[in-house]
Amino acid sequence: MVTFNPDKADQSAGFDYQLARLIALADDMKRIRAGVPPELLAVDPPILERWVLASRPVPCLAGLSFGHPVLQGEARPIFTSDLCLIADDHSWARTLSRWYRLGRPADSPLGDS
């Protein structure tokens with residue numbers, strides 16, 4: 001997850017670093033789709049021995065969804081896909097699949113906006 005400032009174009013070094021990583025991944029995926037084999041894409045790759053598929057928790061959001069294009073219903077409890085970006089003022093978040101406009105956090109009194 002990366003924080004960003006929704007009020008300015010210039011972002012943090014961490015934002016730029018993650019952007020470059022994601023662009024590199026997308027570029028490699030485009031090259032694979034074009035038929036370029038991995039041995040031509042990888043520069044001096046490490047070898048992973050005795051490997052297994054594994055999983056680990058990743059950041060996400062949980063809350064009550066309003067107006068979700070896929071998960072229908074108002075105030076429906078959901079967990080989002082992987083959280084990739086969140087505004088430093090907590091007004092917006094971008095998951096792997098979509099943007100969310102963030103309302104009150106769970107620990108906010110109901111009367112606050």
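## Basis

The model is predicted: local features need pLDDT of at least 70, side-chain atom pairs count only at pLDDT 80 or more, and totals for chains, interfaces and linings use all residues. Residues are numbered from 1 along each chain as its sequence is written, and side-chain values use heavy atoms, with hydrogens and water left out.

## Sheet and helix

An open sheet with mixed pairing is formed by four strands in the order β1-β4-β5-β6. Its edge strands, β1 (2–4) and β6 (99–101), each pair on one side only. Strands are DSSP runs of E with at least two residues, and helices are runs of H or I with at least four, numbered from the N terminus; two strands pair if DSSP finds at least two bridges between them.

β1 and β4 (residues 83–87) run parallel and are joined by three bridges. F4 has A87 in β4 as its bridge partner.

## T3

T3 lies in strand β1. It is partly exposed because its relative accessibility is 44%, between the limits for buried (under 20%) and exposed (over 50%), with a 1.4 Å probe and protein chains only. Apart from neighbours within four places in sequence, T3 contacts S12, F15 and I86 (heavy atoms within 4.5 Å). Its C-alpha atom is separated by 8.8 Å from that of A93, 90 residues apart along the chain.

## L25

L25 sits in helix α1 (residues 13–33). With a relative accessible area of 47%, L25 is partly exposed.
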